[in-house]
Amino acid sequence: MKLTFFGAAKAVTGSCHCVENGGKKILIDCGLQQGRDEVDNQQLDFAANYIDDVIVTHAHIDHSGRIPLLVKQGFQGKIYCTRLTAQLLSIMLRDSAHIQEMDAEWKNQKGKRAGNPPVEPLYTVAEVEQALTLLVPCEYGELLDIEPGVRLRFSDAGHLLGSACAELWLSENGVEKKIVFSGDLGNVNQPIIRDPQPIEPPADYVVTESTYGDRNHEPPESYTEALAQIIDETFDKGGNVIIPSFAVGRTQELLYFMREMKEDGLVRHNPNFQVVVDSPLANEATKIFSGDLHGYLDEEAIEAIKGGALFTFPGLTLTESSEESKALNLDKSSKVIISASGMCDAGRIRHHLKHNLWRPECTIVFVGYQAPGSLGRALLDGTKSVKLFGEEIMVRARIVNFKGLSSHADRDHLIAWAEQFDNPRPAQYFVVHGEAEVAEQYAQTLRDRGMAAHAPDYEEVYDLAANTLLAAGVPRAVKEKAAPKSAVSPAYRRLEDTVGELAALVARSKGVANKDLARLAEI
């Protein structure tokens, strides 16, 4: 009965943890590393066919984005998630594959001229389609026996439509333990999404995120009034408002706010302002937000959302084709452009930044977390210029950060969520999904409140039956310094260990009956 941390250990992205019980190995999330967290997305930390099942807490790419790679490399088990997560994965993973294919094509065009060998995409749309056939959609509160001695239940994490905390009951050799994975915990009082739902204690172990574990969100402001003022000021100068936004969840919230601005006349100088959602993924996601949400939202909210009325208003345009996207930057009229990706590291937003960052009359509005190492974080940190599509672009536009607009729980709400398991207290809280300093600080916060807590390192292995550390992990600094393409992978090290164990078994088998030796040779 073991727990190994393969991702988001003292890092924000790339969530991936492995529970071993009764000989079965179950991944909780298999996310893409992004920004500074990225070491080598091509390299899994284990053999794919070593895994029996995958549990996905939600559809965001930093929790799901390497699932097609897992399947590509030999995984054939089941992938458990909520019904709406399954629907969102079907569009988000296809979009991710398209980006991977386009990136590889672009690199190969450049590399061919330089005489470099061709590169393959991380995975293709066809490989995503194969992964989607393995999805097992579930509902909140449903108890599932996914393996002998392993029971699963999802509860609403309040972070994204379909997002979930995962409760696992483990039974092995007469020992029973319950472990809870928070996934990403949502903020409270968000439009559309419910608050995180309580989980019935007790729990023996808790794995908790810590994205905002060192601070609280700023006091809530009227986002509609603040954003309306920015639109007025920018349009008065003849500029565009560019909003890098996560296509799923955040874009729908923004449309909700924009509709309110229109209805209440908050953009006083430019009441007929134009809004363009330049993201086919966001447009597909909005259809899901307008679909069957029974069991995922309060009935009152479901009634209000019927027909997508919360996300439509006069002056809204949804683009699909790349030609429509390019035309936006040829049109000189002022407009609000909402586009993905939210951290500016891929997608159409990079084209809009290229055409607007150098213009002092424009405003770039950030409405979500920007990971260290991402282009979005560089802009927030005040960089004077950026390179986009091989061209140096000066940053003269106004940069605005809506810090309070977050879909993650802040420090106080994280603490409140952790304390719901207080009677009796869990044997250990594992603090993950936070920048190294933040994860350490939040773990200390929990210890100061009398809870056993620590922030595990990459590849740390914990014995859940005995509540002891089996193997120390690799410190973050050491992992970052490693040369990933030439380094020996953990999967290869396991193979070496297995070969050693096999050699020892062969040595012990001298004198064994021939029929037994023959049977052993066939294994």
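In this predicted model, six strands form an open sheet in the order β14-β13-β15-β12-β16-β19, with parallel pairing, where strands are DSSP runs (E, at least two residues) numbered from the N terminus and two of them pair if DSSP finds at least two bridges between them. Because β14 (316-318) and β19 (398-401) stand at the edges with a single partner strand each, one side of each is left without a neighbour in the sheet. From one strand to the next the twist averages 20°, with axes taken as lines fitted to C-alpha atoms (for helices over the stretch in contact) and angles running from 0 to 180 degrees between N-to-C directions. Within this sheet, β12 (residues 241-244) and β15 (residues 336-339) run parallel and are joined by four bridges, one of which pairs I243 with I338 of β15. Helix α6 (residues 250-264) lies across β12, β13 (275-278), β14 and β15, at about 155° to β15, contact meaning heavy atoms within 4.5 Å.

D45, in the loop between β3 (24-28) and β4 (53-55), is buried (under 20% relative accessible area, 1.4 Å probe, protein chains only).

Residues are numbered from 1 along each chain as its sequence is written. Local features need pLDDT of at least 70, side-chain atom pairs count only at pLDDT 80 or more, and totals for chains, interfaces and linings use all residues, while side-chain values use heavy atoms, leaving out hydrogens and water.

Conventions. Buried means under 20% relative accessible area, exposed over 50%, partly exposed in between (1.4 Å probe, protein chains only). Lys and Arg count as positive and Asp and Glu as negative; His and the chain ends are not counted. A salt bridge is a side-chain nitrogen of Lys or Arg within 4 Å of a carboxyl oxygen of Asp or Glu.
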